[in-house]
Every structure is written in structure tokens, then in C-alpha cells.
Amino acid sequence: FADSSSNEQDDGYLELDIYQQKGDSNASLVLLQNEALVHWLRGKTSMFYHADLEQSREYQEVNELIKKWFNDLQAELFIPLFDQGHWSGFLVIGPRSRGNYEIEDHTLFTAIGTQAAAMIVNARLVDQLTNANNDLSRSLTKLDTLSNDLSNFETIKSNFINIASHELRTPLTVTRGYVEMLLEDQDLPQTQRDLLNGIYKG
């Protein structure tokens with residue numbers, strides 16, 4: 001059956017995908033949200049025949065590619081699918097091998113359509129959950145990478161501090177030794193002695 005892929009946000013278009021019995025998806029049909037045919041399709045709240053579609057003014061105004069897409073469905077009946085009032089697509093029924101569809105058939109198709117709408121919603125929820133799990137997995141991977149990067153940064157910082165401390169300590173020790181030697185000079189003026197004491201104690 002044909003199912004809206006739920007592209008009805010602000011992107012301004014509606015995408016219809018075909019899902020056959022095996023679940024294979026064929027070529028999509030993309031319609032602009034403001035097209036008259038989209039409003040006509042969304043306005044159908046009960047089943048209608050392909051002939052009703054062909055006779056509508058909205059359908060007659062579309063281009064031949066869109067008409068070919070609908071004709072390739074080889075549909076006779078379209079059953080709108082709704083979930084909590086939200087239109088989600090159509091259950092498409094092909095022509096009957098003998099005679100026309102009866103009222104009992106319509107009742108059965110409507111019931112099947114209700115179940116199909118629920119199945120579509122559940123399938124979308126599973127897809128959303130799968131995508132959310134994938135996003136969470138990617139986020140956890142990024143978080144793990146950031147944690148490793150932070151650990152590496154801490155190691156680099158510690159190594160830098162150790163190296164810097166060692167490199168600074170060595171010249172300071174030498175400087176302190178020279179200051180000590182100068183302070184041993186008994187003839188050193190008091191002003192310079194005070195200055196050197198400050199350096200030595202620092």
C-alpha cells in the first residue's frame with residue numbers, strides 16, 4: 001500500500017512511498033504541500049475508487065508523471081489511514097478478479113485499514129527508537145573519546161609541570177649558590193647585602 005513517509009513538517013512537501021506485500025519500497029512520489037491534489041487526498045475521510053480520483057479536477061490538473069505514478073499502482077480502491085485523527089497514508093486495493101466489490105468488502109477493508117494504520121505508527125515508533133538508540137550510542141562514544149582526551153591532557157599537564165619545575169629548580173639552585181658566595185664578602189655594602197639577602201631568601 002501507499003504510505004505517507006510523514007514528511008509534512010516545514011519542508012513544504014509530502015512524500016508517498018509504495019510498500020508492496022513483501023515490504024519492498026518502490027519509487028516515491030513527492031508532492032508540494034500546497035498542491036490542490038494534496039488537499040484533495042487529505043480531505044478524503046472514507047474509501048474512494050480510482051475512478052473518483054481520475055474524475056476530480058485536482059487530479060486532472062496534475063502532470064502526466066503524477067498520473068502515471070497513480071496508474072502504476074493498479075488500484076481500484078483507496079482506504080485512507082488515520083491514527084488519532086492524523087492522516088498517515090492509504091491502503092490501496094487492486095481490482096477484484098470477478099465482479100465488483102460489495103459492501104461487506106468495504107467493511108472488511110475499513111477494518112484492515114484501521115489495523116494497517118496502527119502497524120504504520122508502531123513501525124515508525126520502532127524506527128524512532130532505533131534512531132534514538134543509535135544517537136545515544138554515538139553520543140556515548142564521543143563522551144568516551146572526550147574522557148580519554150581529558151585524561152591525556154591531565155597527563156600532559158602533569159608532565160609539563162614536572163619538567164618546568166625541574167628546569168626552573170636547577171638555575172635557581174645555581175643562582176642561590178652564587179648569592180651565598182657574594183654574601184660571604186665582608187666588604188659588601190649594606191645596600192647590596194640587603195638586596196642579596198632578599199634574593200637568597202626568596
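**Notes on the core**

I started at Leu37, which touches Leu31, Leu53, Glu58, Tyr59, Val62, Ile66 and Phe70, leaving aside residues up to four places away in sequence. I count a contact when heavy atoms lie within 4.5 Å.

For the record, this is a predicted model, in which local features need pLDDT of at least 70 and side-chain atom pairs count only at pLDDT 80 or more, while totals for chains, interfaces and linings use all residues. Residues are numbered from 1 along each chain as its sequence is written, and side-chain values use heavy atoms, with hydrogens and water left out.

I checked confidence next; pLDDT is the predictor's confidence in each residue, from 0 to 100. The protein chain averages 79, and 86% of the residues score at least 70. Over residues 1-11 pLDDT stays under 50, and the model has 43 contacts beyond four places in sequence for that stretch. Where pLDDT is low, the predicted coordinates should not be read in detail.

Which residues have the most contacts inside the largest nonpolar core? I found Leu37, Leu41, Leu53, Phe70 and Phe78, in a core of 20 residues. Strand S3 (29-32), helix H1 (36-42), helix H4 (64-72) and strand S6 (86-93) each supply at least two of its residues. H1 gives the largest share, four residues. A second, separate core has 10 residues, including Leu77, Tyr101, Ala116 and Ile120. By nonpolar core I mean a set of buried Ala, Val, Leu, Ile, Met, Phe, Trp, Tyr and Cys residues joined through side-chain atoms within 4.5 Å. Buried is under 20% relative accessible area, exposed over 50%, and partly exposed in between (1.4 Å probe, protein chains only). Helices (H or I, at least four residues) and strands (E, at least two) are DSSP runs, numbered from the N terminus.

**Phe78 and its strand**

I then turned to Phe78, which lies in strand S5 (residues 77-83). Phe78 counts as buried because its relative accessibility is 2%. Beyond four places in sequence, Phe78 touches Met47, Phe48, His50, Leu53, Phe70, Leu73, Phe90, Leu91 and Val92. I put its C-alpha atom 9.9 Å from that of Leu41, 37 residues apart along the chain.

S5 is largely enclosed by the rest of the structure, because five of its seven residues are buried. S6 is mostly covered, with seven of its eight residues buried.

How many bridges join S5 and S6? I read seven, in the antiparallel sense; two strands pair if DSSP finds at least two bridges between them. Val92 in S6 is the bridge partner of Phe78, and Asp83 stands opposite His86 in S6. The S5-S6 hairpin has two residues between the strands, and Gln84 there takes a positive phi near 50 degrees. Strand S4 (residues 48-49) also pairs with S5, antiparallel over two bridges, and Phe48 has Phe78 as its bridge partner in S5.

**Aromatic rings**

I listed eight aromatic pairs. The Tyr59 and Phe70 rings are edge-to-face, because their centres are 6.0 Å apart and their planes stand at 80 degrees. This pair links distant parts of the chain, with Tyr59 in helix H3 (residues 57-60) and Phe70 in helix H4, 11 residues apart. Tyr59 and Phe70 are both buried. Rings of Phe, Tyr and Trp (its six-membered ring) pair if their centres lie within 6.5 Å; planes under 30 degrees apart are stacked, over 60 edge-to-face and the rest tilted.

Last entry: Trp40, Phe48, Tyr59, Trp69, Phe70, Phe78 and Phe90 form one aromatic cluster.
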